[in-house]
Amino acid sequence: MGWGSRCCCPGRLDLLCVLALLGGCLLPVCRTRVYTNHWAVKIAGGFPEADRIASKYGFINMGQIGALKDYYHFYHSRTIKRSVLSSRGTHSFISMEPKVEWIQQQVVKKRTKRDYDFSRAQSTYFNDPKWPSMWYMHCSDNTHPCQSDMNIEGAWKRGYTGKNIVVTILDDGIERTHPDLMQNYDALASCDVNGNDLDPMPRYDASNENKHGTRCAGEVAAAANNSHCTVGIAFNAKIGGVRMLDGDVTDMVEAKSVSFNPQHVHIYSASWGPDDDGKTVDGPAPLTRQAFENGVRMGRRGLGSVFVWASGNGGRSKDHCSCDGYTNSIYTISISSTAESGKKPWYLEECSSTLATTYSSGESYDKKIITTDLRQRCTDNHTGTSASAPMAAGIIALALEANPFLTWRDVQHVIVRTSRAGHLNANDWKTNAAGFKVIHLNGIGLYHRKSCISS
């Protein structure tokens, strides 16, 4: 899971930290479990045996859980949909079946999107109207205040634009009909886990609550030169979405999402996680842990799925990303943020699991990230580490186009060898045993595109 043996909650008693890790939360804020009428079951014998057992005990077999062999999603219509008590009916005798190796009633997990709400034209390279304002693409220009260049344009000039690379956004859906996304939309990289169908379109409401995934998708693969809105970092990559945050999030939902079509999808980008409240210790449960491990072992035909994760926005609450088992996993690439000035954003968490940094929002006067938005619109207000993770996913897509034989570990090594401290505004950099400068705020430093060519 990636959690170390040391207490990951700075400033708290060791005993409380141990209890938090064992119980899944700190005692003063421990939440009541909410049980659903969905079960994850491991059954030997294949689909016919799973169907037989489901029918015998009144369940409906909803099929295999993602790419997890012998794990099945069972649904019981006559059980309360949400309850603080686990189910005790006659159907619970299913665990006594010889072919049933493991069963778990699914509980609701709170997952928070990692954006943050806040209530000079230089290039004519593209005709997209927002292109001249995309300051993080023009950092090498002396007229822009950002201090260090990710050199994305340098990759484009050498012909790398993400072609043949597939990125999937694990979120609240993506608006596949958006003019900037429809050209690169990939149905084989998309599904709706919440609605149990193949269409990742977000649910619309008056508040545009489900805009998050569409915003992340545009950063990666918004089409270029279509006279609409913005330009993605990997503007020729294929983009998909898994709608999984707009409903009850359970271990089974997460496992289905991170293991969706792993021989087709190259990169999974996730900008969410447990509450960033400084009190919550949480991480992947058994199915999701297994899905991560299966992904790096067998995904991309054995080269390994690449999982990119936002490090978290709990800085103001003194949250610590080591308490988050997703960003802290050895299987994920944890990405932090820096403002255009190179200063630490106020929301930033710090921990040793952060690998590298990309640009995002900072103070209210700092520029934010420009991307696609719900209802076929654009926004210049995408924020938080939510914006940094898909930015890194786009750069990794450029790297994989240049060298499609990079393994999941190669990708991590490339990031380490090419990220730069540059002008990131921090004074407590340390040199580790491998000779790299590191800092708990920004990892190795600002992720740099040069890796796309030199590896």
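Which residues are buried in helix 4? In this predicted model, they are His 212, Gly 213, Thr 214, Arg 215, Cys 216, Ala 217, Gly 218, Glu 219, Val 220 and Ala 221. Helix 4 is thus described as mostly covered, with ten of its ten residues buried.

**Helix 4 and its packing**

- Helix 4 spans residues 212–221 and packs with helix 7, which spans residues 384–402.
- Two packed helices are described by the angle between their axes and the distance between the axes.
- For helix 4 and helix 7, the angle is about 35 degrees and the axes are 8 Å apart.
- The handedness of this crossing of helix 4 and helix 7 is right-handed.
- On the helix 4 side, the residues that meet helix 7 are His 212, Cys 216, Glu 219 and Val 220.
- Their counterparts in helix 7 are Ser 386, Ala 387, Pro 390, Met 391, Ala 393 and Gly 394.
- Besides helix 7, the buried residues of helix 4 pack against several strands: strand 6 (112–113), strand 7 (166–171), strand 9 (238–243), strand 15 (369–373) and strand 16 (377–382).

**Helix 5 and Asp 251**

- Helix 5 is likewise mostly covered, and eight of its eight residues are buried.
- These buried residues are Asp 251, Met 252, Val 253, Glu 254, Ala 255, Lys 256, Ser 257 and Val 258.
- Although buried, Asp 251 has no salt bridge.
- The nearest side chain of opposite charge to Asp 251 is that of Lys 109, at 5.7 Å; a salt bridge would require the charged atoms to lie within 4 Å.
- The side chain of Asp 251 does reach the backbone nitrogen of Leu 287, at 2.9 Å.
- A polar contact also joins the side chains of Asp 251 and Thr 288, at 2.7 Å.
- Leaving out residues up to four places away in sequence, Asp 251 touches Gln 104, Gln 106, Val 107, Lys 109, Ala 285, Pro 286, Leu 287 and Thr 288.

**Loop residues with positive phi**

- Ser 227 is placed in the loop between helix 4 and strand 9.
- The phi of Ser 227 is near 60 degrees, a positive value in a residue other than glycine.
- Asn 261 occupies the loop between helix 5 and strand 10 (267–270).
- Asn 261 is not a glycine either, yet has a positive phi of about 45 degrees.
- Asn 261 counts as partly exposed because its relative accessibility is 29%.

**Buried loop residues**

- Asn 328 is located in the loop between strand 12 (306–310) and strand 13 (332–338).
- Asn 328 counts as buried because its relative accessibility is 12%, and the cut-off for buried is under 20%.
- The side chain of Asn 328 reaches the backbone oxygen of Ser 322, at 3.4 Å.
- Pro 345 is in the loop between strand 13 and strand 14 (354–359).
- With a relative accessible area of 1%, Pro 345 is therefore buried.
- Setting aside neighbours within four places in sequence, Pro 345 is in contact with Ser 337, Thr 338, Ala 339, Ser 361 and Gly 362.
- Pro 345 and Asp 366 are 21 residues apart along the chain, and 9.7 Å separates their C-alpha atoms.

Conventions:
Residues are numbered from 1 along each chain as its sequence is written. This is a predicted model: local features need pLDDT of at least 70, side-chain atom pairs count only at pLDDT 80 or more; totals for chains, interfaces and linings use all residues. Side-chain values use heavy atoms; hydrogens and water are left out. Helices (H or I, at least four residues) and strands (E, at least two) are DSSP runs, numbered from the N terminus. Buried means under 20% relative accessible area, exposed over 50%, partly exposed in between (1.4 Å probe, protein chains only). A polar contact is a pair of N or O atoms within 3.5 Å; within protein, one must be able to donate a hydrogen and the other to accept it, and residues adjacent in sequence count only if both atoms are side-chain atoms. Lys and Arg count as positive and Asp and Glu as negative; His and the chain ends are not counted. Contact means heavy atoms within 4.5 Å. Axes are lines fitted to C-alpha atoms, for helices over the stretch in contact, and angles run from 0 to 180 degrees between N-to-C directions. A crossing is left-handed if the near helix is turned anticlockwise from the far one by less than a right angle, and right-handed if clockwise.
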